[in-house]
Each structure stands twice: as C-alpha cells, then as structure tokens.
Amino acid sequence: MKITKTLLLLAMLLLALPFAFADGHLPDLGGRTVVVAVDNAYIPFSFIDESGEAMGWDYDVLGEICARLNCVTEWIETGWEGLIVAVSLGEYDVSAGGITILEERAEMVAFSDSYMSTIQRLMVRLDEDRFADAAEFAAGDYTIGVQVATTNFLAAEELVGTDRVVPYDSFGFAVQALISGDVDGVVMDDVAGQGYVGVNSEDIKLLPDELVSDHLGFIYPQDSELIEPFNMALDSMREDGTLDAINAKWFAPDSADDMMLPDLGGRTVTVAVENAYPPFNTLNPDTGEPEGWDYDTIGEICARLNCAPEYIETSWEGLIVAVSNGEFDMAADGITITEERAQIVDYSDGYIDVIQRMMVRLEEDRFVGAADFVAGDFVIGVQVATTNYIAASELVDEDRIVGYGEFGLAVQALITGDIDAVVIDDVAGQGYTGLNADKIKLLPDDLIKQQLGFIYPQGSELVEPINMALAAMREDGSLAAINAKWLGDS
C-alpha cells in the first residue's frame, strides 16, 4: 500500500545500516541484488507462459519479500539436476521451486522456515478407468513417470519399485508422457499437480490418495545472512494475509464451495465510484490512473465470478439515488450501511468495520480530543449527505458545520486553516493522512462505529454472487491482503 508501505519505507530510510533491526520493522537489505535459481519448469511455482513470460508462485512471493526487505531479485534459470549442489557452493543466493525439506539436503544447504505443507499424489489421464486409486495402481503392472532427483522419485520407487519408474529431466516431460500414453501415472506434489491439471484439465486428473506429506522451503548456502530476514518477511506475509492471497492466486482451491462460485458469463458490471475518497478510490497523483481498495477488491471479485467491471466516475451527491434508479449496477465508495439507505438500495454483506474520527492539523494544540473541541467554538468541515455529516451534527450545532461536495475539499480547507477539523471514517482518514502526513493527523477519539458495504438497485441479482465471492476472499486471505495493502492496520 500506500499507507502501510509508505510508513514502512520511511522507517527503513531512518535505519542507518542495512540489516539493522528495530521493534516492529523488517530488516533493510540496502537494495542488494539477490540471485535466485529457478528451473522455470514446475507449475505453478515457476514456469514460462504461452507468451514467453516467466511467472508463478515463486516470482510473486520472492518479489513481495524483496519489496518488504529492500532487495532486488535476479532470476537465473537452472536445471533441477545439480541445483541444490550449486546453491550449496554459493553460486546462487537462494533457490525456489517447491523444494522439500529433508535432513539429507539440510547437510548441504540451509532451509527457510517451511512456507507450505504438501502431499504427494498420483496423476493419471482423465479417462483412466483401469484403476481407481494408488493401491490398485501398485497391484497392476503400470508405469510411473517422475522427475529425477526429487522426493517424488523416491515416493514412486516406494510405491511400485525401481523397474516400473520412468525418469524424466522435468515434470513437464513426465506430464506430456502421461498425456501421450507413454506412462500410466505421475507422482507429484499435489500443489504442483493442481497447477498442471489446471493447464491440462481436459487430459489429466489427480487421484485422491495421499502418498507422502512433505514441507517445502527456500534453500540458501549454509550460514547465509538472508535466512533470518526472509523468514521475518514470510512471517509478516502470513500475518497480513498476503501469503494466503498469493496461494489463492496460484493454487487450486481445496474445497468444493470454492469451486462453486457463480459464473456471470463475462457480463459487464457498471460500478459507480467517486475517485475522490482514498484509500477506497482515488486518482494516482503521479500517473492520474484510478486506484484503491475498491478497484482491487472488485477486480478480484469479477475475476472469480467471470465479469468485467466498468468504473464510472460519479459525484457522491446523488450517487445512492442513481443506484436505486438502476443507473449503475452497483456502487463502491466506502458506503456506510444504514437502515434509511437500505429502504432504497440493497447492500452487500459488510466488508469492513470503520470508526468515525476527527481529523485536525498536525500542529493543533488548542484541543486534544472531541470533548475539548465541542466545548470551544471550533468549526467542522465534512462532506454533505454522508453519515459523517450526521455524526458532525450530533457533535456540534449546524452553525459550526461547513459542508463540502467531497472530502478532498474539506481536507484542503482544514490544511489551509479555513476550518478546525474534519469528521471522517478512520480508514479514509488514514488514506488522507498518508498523503498529507506532514500536515494533518487523526485524534484518537472513537465517535461512531459502522460497517461499510457495496450498494445495488433493490432486487439486484448481483448481491448473492458478490457476497459469495467476498466470503471466498475472506476465507483464502485475499481480502486480508487487499486490506493490508490499502488500509494498513485498521
């Protein structure tokens, strides 16, 4: 984000030396280059897509780790055979690629904390009917294809014996041999297996048997100084939901419920946004491009439901009425759920709790809280037709309230001294203070606690599908990751 990442980078800049530590902060690697070995042949961890671009879980996770630690990844494509030895000799700083943590390997290389547990399973052709599970496979005379020098190779040998195992240089070759009928099965980690099934869903499937359970980790040369910083970054990614979100992106869902989200058939969904309410929706000051929590969340929802969002910039005043009249399919703008509004529009499930707070100038010393403010003759600025306006009117008389068409104007009026405070949702308030940290701050008083939701015309058929997608995003951590990016610790 914005708020969290800006504060994190500022904190890092204050640390004089790379690798310095402070409570609550990740280490700063000083912009150093980290050389990463990948084989680019192990879907979904690292592979080359149809356009020739390298991508996968490894790229996203290590890219995020370096974004948090201030380092730069340099990716080197390397064959699996010999990769672990090369890392042990210091030819690479780290290697990724779904590497199983083994005692034998730990004698040569250092492992990160485990980032995932995985199960080895048997992959077969989609139309396979000669056997139904691993036991029937082992009882026959079927052959297994598997990549050499892997724990999967060992599992295959334990299942059927060496003479029925066909070695391949990469799992991609083994999978192609399976599809073409040269082998009858492939032993593979279930996570990578889901990746290959996703790409070849008309040809192959995974049997349900769980053969061997393993833990995966990154590897480094022994005594590498990168181990502790990378482990700390992984911990932070677990805590804020980023790791879950990347897992959800690359790995097939585990439950039937996740697989059963409605398909909206590619329909266009018109979304009313204000583009003046950071961090929910705003225009990037450098590029002029729209961005924010609303864009990321609705984009992810439509990716799951097979729809295409069309964002239409609309002023706040009249937005709710326009949605109720069917001018837009929905609106996203940090809209508070109220009984009055629910009489003319339908709401999604609440997606976040917010507290209304008072924003003041950074140097303000005439009052320290809402009670002191009320006792004086100070003036509040607030956006009209909002629950914040209602909260302001409950706090002070109408003659001490100045209405504005959007919060950005109210914030500018505060900065220039035309008013003394602004009542705003704490989440949006953090967005504005993040952009103006040298000018404004939020007072600690909690005025009113509320929930936010999307709105739709009454009776909209989008309410249930979007609620289902939101629920799936909560469950797999995607929503928490978007929250961490845009909303910080709120």
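Visitor: Which residues is Arg361 in contact with, leaving aside its neighbours within four places in sequence?

Guide: This is a predicted model. In it, Arg361 is in contact with Arg366, Leu414, Ile415, Gly417, Ile419, Asp420, Lys439, Ile440 and Lys441. Arg361 itself lies in strand 20, residues 352-361.

Visitor: Is Arg361 buried or exposed?

Guide: Buried means under 20% relative accessible area. Arg361 has 12% relative accessibility, so Arg361 counts as buried.

Visitor: And Ala135, buried or exposed?

Guide: The cut-off for exposed is over 50%. Ala135 is at 55% relative accessibility, so Ala135 counts as exposed. Ala135 is found in helix 5, residues 134-139. Look also at Leu159, 24 residues apart from Ala135 along the chain. The C-alpha atoms of these two residues are separated by 8.6 Å.

Visitor: What share of the protein chain is made up of buried residues?

Guide: Of the 490 residues, 54% are buried. Helix 17, residues 426-435, is mostly covered. Eight of its ten residues are buried. They are Asp426, Val427, Ala428, Gly429, Gln430, Gly431, Tyr432 and Thr433.

Visitor: How many helices and strands does the protein chain have?

Guide: The secondary structure comes to 19 helices and 26 strands. The C-alpha atoms fill a box of roughly 90 × 55 × 35 Å, taken along the principal axes. Now think about contacts between residues at least 6 apart in sequence. Of these, 73% join residues at least 24 apart.

Visitor: How do I read the packing of two helices? At what angle do helix 2 and helix 9 pack?

Guide: Start with a general idea. An α-helix has 3.6 residues a turn, so residues three or four places apart point the same way. Now the case here. Helix 2 spans residues 57-69, and helix 9 spans residues 227-240. They pack at an angle of about 105°, with their axes 10 Å apart. Angles of 65 to 115 degrees count as roughly perpendicular. Helix 2 and helix 9 are therefore roughly perpendicular to each other.

Visitor: Which residues of helix 2 and helix 9 meet?

Guide: From helix 2 come Val61, Leu62, Glu64, Ile65, Arg68 and Leu69. They meet Pro229, Phe230, Ala233, Leu234, Ser236, Met237 and Asp240 in helix 9. By class, this contact has nine nonpolar, one polar and three charged residues.

Visitor: Which residues lie nearest the centre of the largest cavity?

Guide: Tyr42, Trp80, Gly97, Gly98 and Thr150 do, among the 17 residues that line the largest cavity. By class, the lining has seven nonpolar, seven polar and three charged residues.

Visitor: Which element gives the most to the lining of the largest cavity?

Guide: Strand 6 does, with five residues. Strand 6 (94-100) and helix 6 (151-160) each supply at least two residues of that lining.

Visitor: What volume does the second largest cavity have, and how many residues line it?

Guide: The second largest cavity has a volume of about 80 Å³. Its lining has 13 residues, of which Tyr277, Trp316, Gly334, Thr386 and Asn388 lie nearest the centre. The lining divides into four nonpolar, six polar and three charged residues.

Notes:
Residues are numbered from 1 along each chain as its sequence is written. This is a predicted model: local features need pLDDT of at least 70, side-chain atom pairs count only at pLDDT 80 or more; totals for chains, interfaces and linings use all residues. Side-chain values use heavy atoms; hydrogens and water are left out. On a 1 Å grid over the protein atoms alone, a cavity is a set of points where a 1.4 Å probe fits but cannot get out, and a pocket is an open set with protein on both sides within 12 Å along at least five of seven lines; lining residues have an atom within 4 Å of a point. Helices (H or I, at least four residues) and strands (E, at least two) are DSSP runs, numbered from the N terminus. Ala, Val, Leu, Ile, Met, Phe, Trp, Tyr, Cys and Pro count as nonpolar, Asp, Glu, Lys and Arg as charged, and the others, Gly among them, as polar. Grid points are joined across faces, edges and corners, and a volume is the space filled by probe spheres set on the points. Buried means under 20% relative accessible area, exposed over 50%, partly exposed in between (1.4 Å probe, protein chains only). Axes are lines fitted to C-alpha atoms, for helices over the stretch in contact, and angles run from 0 to 180 degrees between N-to-C directions. Angles under 35 degrees count as roughly parallel, over 145 as roughly antiparallel, 65 to 115 as roughly perpendicular and the rest as oblique. Contact means heavy atoms within 4.5 Å.
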